[in-house]
Amino acid sequence: MTVPIVSRVSTQSVDPADRIDFWEEHNRRALVGLTCSSYSKQGLLATETNIELGDLRLAEISGNEHVIERTPRTCQALPKDSVFVSLLTAGRGVFFHEGGCHTLQTGDLILYDTRRSYLFGFPTPMRQLLVDIPREVFATRCASGDVSAPMLLGRGSAVEGALTSALGAVLADWVTGPESDDSISTQDTVLDLVRTLAAPRLDGGSARPAALSQLAVAKDYMDRHLADPGLSAGRVADAIGVSARHLSRIFQPTGVSPSRYILEQRLDKARQTLADPGSRHLTIADVAHRWGFASQAHFTRVFRSSFGRTPGKTRPFLM
């Protein structure tokens, strides 16, 4: 599909002396008003892609060491009424706000209110996936409670970690261009995952993920454990806290069973490995083992059934 890109910019081609002003002006128009500082000898080297996702805006941002700040004066001069959900996918971060400080590692997620001042520093090269959720959407779809202080998510429990990982997988798929062009379904999944993460802290009680987000969590768990030959539908059901029957119901809209999904993902990964010239040193048995197949014979049989050729015929011909 064609991803609905709103804007894509980079400071690479901008004169180093003008990069900060360029970055601040771009973000004021595309995302949020802020000030920026760079402590790298190279100056600010950053890229940003903004993508529409229904009522939401998704930004993929990468850069070298830098600091962004939304001061009280900026909040007043350039108001922005959104909740930001930022997933750090590479590097480290430090988030300062009125109530204290959070340190972020790769894989952490922080949720915060753009009406309140903050400073977000990156002491290393970084990459983040940031979801801009308008406040009215957040209040009706995620949690009605006020985001009075930033929330660091992803470390609280195994379930929280799984939900955060699944959210990252959904966002990463959208950035790279998913096979499905159903932005509303993707938006619903994102909002439900954010609701399940945030509502217990903001509204009290607990929030169970709906079927869309349960499917995202299940797929993410499967994708991260494909190499384990012990991976099964029953194990996935146990991991995400549902019955095997309910897991099957979750997968019904996809047209494949949980077990079939695991097999198809393993076969696809194996085919990619076999087609990679850099993997010529691996035997067919090595590839089968790498992607969780119990035996080379079983792997060869299901591979030929799915793709109409043997694993050996998939390998590139090298002169």
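In this tour, Ala, Val, Leu, Ile, Met, Phe, Trp, Tyr, Cys and Pro count as nonpolar, Asp, Glu, Lys and Arg as charged, and the others, Gly among them, as polar. Keep that in mind for the first stop, and remember throughout that you are looking at a predicted model.

**Stop 1: a cavity**

Select N27, L34, I61, I68 and Q128. Of the 15 residues that line the largest cavity, these lie nearest its centre. The cavity has a volume of about 110 Å³, and the count of cavities of 30 Å³ or more comes to 1.

Which kinds of residue make up the lining of the largest cavity? They divide into 11 nonpolar, 3 polar and 1 charged. Now colour α1 (19-30), β5 (66-70), β10 (118-122) and β11 (126-134): each of these elements supplies at least two residues of the lining.

**Stop 2: a cluster of rings**

Next, show the side chains of F84, F95, Y112, Y118, F120 and F122. Ring pairs link these residues into a cluster. Across the model, the count comes to 11 aromatic pairs.

Start with F84 and Y112, an edge-to-face pair with 5.8 Å from centre to centre and 75° between the planes. This pair links distant parts of the chain: F84 sits in strand β6 (residues 82-90) and Y112 in strand β9 (residues 109-113), 28 residues apart.

Is F84 buried or exposed? F84 has 1% relative accessibility, so it counts as buried. Y112 counts as buried too, because its relative accessibility is 2%. The cut-off behind both answers is that buried means under 20% relative accessible area.

With a relative accessible area of 0%, F95 is buried.

**Stop 3: helix α11**

Which residues of α11 are buried? Select F299, T300, V302 and F303 to see them. Then bring up what covers these buried residues, including α9 (258-275), α10 (284-290) and α12 (311-314).

Notes: Residues numbered from 1 in each chain as written. Predicted model: local features only at pLDDT ≥ 70, side-chain atom pairs only at ≥ 80, totals over all residues. Heavy atoms only, no water. Buried < 20%, exposed > 50% of the residue type's maximum accessible area, 1.4 Å probe, protein only. Helix = DSSP H or I, 4+ residues; strand = E, 2+ residues; numbered from the N terminus. Contact = heavy atoms within 4.5 Å. Phe/Tyr/Trp six-rings, centres within 6.5 Å; stacked < 30°, edge-to-face > 60°. 1 Å grid on protein atoms, 1.4 Å probe; cavity = no way out; pocket = protein on both sides within 12 Å on 5 of 7 lines; lining within 4 Å. Points joined across faces, edges and corners; volume = space filled by probe spheres on them.
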